[in-house]
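Me: I am new to this structure. Please walk me through some of its strands.

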Amino acid sequence: MELRTPRIRLFIVAVLAVLWMGAVLARLSYLQLFRYTEYLGRAQRQQQRIIEISPKRGVLYDRNLRELAMSISVDSLFAVPSEIADPPMVARLLSGVLRTSADDIETKMRGSRSFVWLARKLPPDMVQRIESLNLRGIYFQKESRRFYPKRELAAHVLGYVDVDEKGLAGIEYEFDKQVRPRPGKLMILADARRRWYDRSEQAADAGESVALTLDEKIQYIAEKELAAAIEKTRAQAGSIVVQDPNTGELLAAANFPTFNPNAPGESPAESHMNRAIAATYEPGSTFKIVTVAAALEEGITRPEEVLDCQMGAIYINGHRIRDHKPFGLLTVSEIVAKSSDVGAIKLGLRLGAPKLYDYIRAFGFGQPTGIELPGETRGLLKRAESWTAASVGAISMGQEVGVTSVQLITAFSAIANGGVLNRPRIVRELRRGPQTIPVSGALPSRVISPKTAATLRRMFEGVILEGTGNRARLDGYTAAGKTGTAQKLDPNTGTYSRTQFIASFVGFAPVNTPAITVLVTLDSPMGGYHGGDVAAPVFKRVAEQVLAYLDVPHDVPLMPSQILTAKRNESQPRPDVSDFDPSQMETAGAPSALPVFPPEPVAQPAWNVAPTVALAEGEGVLVPRLAGLTVRSVTEQCLKLGLNPVLIGTGVALEQNPEAGASVRVGSRITVRFSRASGAGTN
Amino acid sequence: MSGNRKERGGTADYYTVKRIDNSRLVRTANPNRFRESCRIVAFGGVLAAGLLLYAWQHFQCLQLGYQLEELKAERSQAAEMNQRLKLEVAALKSPMRIDAIARGTLGLTVPVPGQVAPVYGPSEGVLAQARANALAASSASTR
């Protein structure tokens with residue numbers, strides 16, 4: 001056969017092509033039918049990457065949505081030891097940056113061949129320095145890290161998290177399930193150059209944010225004043241709680257000792273204790289609020305009734321109980337004002353154990369309040385059946401019972417708000433994006449009638465006006481309160497200590513329309529130890545600042561006070577206010593990182609005496625009388641005369657500066673203060 | 001042009017070539033064939049265009065995928081930066097820090113109760129109306 005003929009050549013080419021195609025098809029079929037799964041897996045391993053999306057924990061806000069705790073992404077360092085050629089050298093290089101021993105790093109590297117954490121959640125400067133080393137087998141992984149930008153502020157309420165962002169204390173622990181995010185998955189398709197070009201996502205479930213009832217500013221006032229009080233009295237510990245008596249919401253819960261939640265491990269464990277809910281103490285005289293409230297509600301006494309306080313001594317079941325002062329005949333109001341133990345015991349004995357017990361329970365003692373914080377104690381309250389003969393007397397004056405600060409302030413708030421016990425709350429709402437989820441709580445319950453509450457408010461006002469709490473008297477506001485001085489139990493002897501006391505003061509203001517209730521507790525103050533001496537002044541400072549911050553109108557005229565001189569004390573060390581650096585947040589402060597400032601000097605007369613306006617005196621216009629006019633009329637009159645009105649407040653004009661009849665130049669400023677209610681807001 | 005020449009033995013063979021002149025032949029156009037060709041070309045063109053379009057779309061899709069991923073990465077970085085800045089703002093707004101600056105650096109003190117004057121500014125509408133009335137009154141008096 002002649003192979004060179006074109007037809008035969010064509011035939012051979014065709015056969016070869018068919019064979020080639022057949023071979024390709026056969027191989028293709030083999031790969032598709034028999035090796036499909038294997039190659040699919042290999043392709044997916046090359047092209048796909050599955051990344052776990054770890055959304056961040058929800059933010060913790062105060063009541064005005066100011067951030068108190070939030071998370072950001074930071075880098076963690078890990079090694080793939082199988083890729084590291086010279087582990088000792090790499091360990092040496094890293095130890096210089098990480099400030100840990102090279103041996104430790106090397107030991108970690110030898111622990112696994114595929115993956116080992118070397119350091120978690122590093123600060124950015126460290127990350128940069130390690131990146132610049134350009135080490136093979138050393139990588140970074142993004143992780144979320146919790147920061148508390150206000151450092152010690154509300155540390156006991158917020159709590160803290162561990163390295164895996166799991167809540168360990170406070171709200172972080174209590175709401176861990178809600179705040180903690182559920183991770184999602186991200187499947188990435190990458191090309192040969194590892195560039196991503198497509199993805200499919202299994203959505204992550206972001207954690208819910210929590211809006212607390214705390215107000216950052218009020219919390220700061222409380223913490224600052226507590227730190228100052230601790231500094232002054234050298235008390236071992238203390239707490240200040242501020243509550244809205246009308247809702248039960250806590251506006252502040254300050255504790256000492258405190259800690260920095262950014263670095264909780266650097267503070268002693270006892271500083272982590274939220275004393276406001278976890279520390280039980282015998283309240284002493286502040287507990288008389290229950291005895292007196294119960295006696296009035298049951299109608300077994302009246303404020304004007306006179307009782308014989310037996311010159312300061314009474315025997316119960318063979319035990320002699322002495323008053324802090326020998327009192328003779330006192331009205332019930334005076335018993336409260338002067339804090340007579342004998343008088344309180346007599347009222348308690350009249351009530352009897354069952355009724356006293358019922359009222360104590362109704363006021364919320366001996367049971368957890370249900371506040372949304374972990375570690376709350378129920379306090380100490382024996383059942384009425386197991387009370388001894390002396391118990392009624394002891395409990396009537398605040399002994400043989402253990403209470404927490406939150407229980408006590410909640411009970412006092414019930415008197416402030418007209419007799420309704422509101423469950424104390426620390427969480428306002430949960431937030432998922434723009435959606436808010438209200439937190440439901442126990443319904444309020446009436447403990448005493450509004451009439452009894454009103455009577456009690458007047459009686460407790462007397463404590464401040466003419467009783468043991470006169471150092472709690474506020475400037476510009478009425479206030480009611482009760483002092484407490486309780487002996488601590490000596491754990492060594494089992495008897496009451498003669499040297500260690502719990503000084504406390506609980507009060508609210510203003511009396512008729514209470515806006516806040518404040519409880520100050522100081523544990524073992526040195527020197528003065530009476531609640532009226534050491535705790536009442538703290539109440540005054542806190543209440544005055546908080547009421548001003550809340551814009552609560554004054555309900556009594558201001559005392560002739562003095563303006564403080566704005567003068568920097570050069571000898572005082574300036575606090576560190578350097579700009580933001582997340583790593584600095586970890587720096588744990590001293591026992592209190594809050595600055596304690598010395599008492600401020602006083603100098604000139606007050607606002608209404610020293611005008612705050614710049615007044616250009618001289619010939620020109622006579623200032624008209626503006627009192628009683630509306631904002632519009634005042635503005636019209638002033639502009640008509642060519643005066644420049646500076647208007648403060650709304651309603652009708654109460655005060656003006658300069659006074660009517662003064663001669664001023666055209667264009668002078670006239671400051672006019674308005675108020676909605678005549679008589680209110682006078683300065 | 002001469003034909004093939006081969007040498008056999010020692011003699012040379014000569015072939016004559018018959019010249020055919022078909023230059024005057026005219027190929028008649030076949031309209032059916034032409035239409036068929038056009039159809040094939042058109043079909044081929046459409047097919048090729050479709051394939052090209054598909055390929056273009058595919059590569060465009062890949063390019064957009066790259067761009068999208070880059071933008072998503074940028075967005076993620078921006079969100080991260082935003083979070084960092086929020087944290088920074090929160091830290092800078094810390095009451096403790098502000099208090100320290102106010103007292104330590106600026107020499108300010110806590111105001112006594114009389115110094116605190118809550119300013120409830122009257123609404124702009126009221127002021128504007130009052131000013132307008134005053135202006136109207138003054139212009140009327142000058143006339």
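What follows is a short exchange on strand pairing in this predicted model.

Me: In which order do the three strands of the open sheet in chain A stand?
Reply: The pairing in this open sheet is antiparallel. From one strand to the next, the twist averages 25°. The order is E1-E6-E7.

Me: Which strands of chain A stand at the edges of that sheet?
Reply: An edge strand here has a single partner strand, so one side of it is left without a neighbour in the sheet. That applies to residues 48-53 and to residues 196-202 of chain A. These are strands E1 and E7.

Me: How many bridges join E6(A) to E7(A)?
Reply: Strand E6 of chain A covers residues 184-190. Its residue A:Ala190 stands opposite A:Trp196 in E7(A). E6(A) and E7(A) run antiparallel, and the bridges between them number six.

Me: Which residue in the hairpin of E19(A) and E20(A) takes a positive phi?
Reply: Strand E19 (residues 480-489) and strand E20 (residues 496-509) of chain A pair in the antiparallel sense over nine bridges. One pair is A:Thr483 with its bridge partner A:Phe505 in E20(A). Six residues lie between the strands of this hairpin. The phi is near 75°, and the residue is A:Gly494.

Me: What is the bridge partner of A:Val506 in E21(A)?
Reply: E20(A) is joined by eight bridges to strand E21 of chain A, residues 516-523, and the two run antiparallel. They form a hairpin with six residues between them. In E21(A), A:Val506 has as its bridge partner A:Leu519.

Definitions and conventions. Residues are numbered from 1 along each chain as its sequence is written. Chains are lettered from A and ligands numbered from 1 in the order in which they are written. This is a predicted model: local features need pLDDT of at least 70, side-chain atom pairs count only at pLDDT 80 or more; totals for chains, interfaces and linings use all residues. Two strands pair if DSSP finds at least two bridges between them. Helices (H or I, at least four residues) and strands (E, at least two) are DSSP runs, numbered from the N terminus. Axes are lines fitted to C-alpha atoms, for helices over the stretch in contact, and angles run from 0 to 180 degrees between N-to-C directions.
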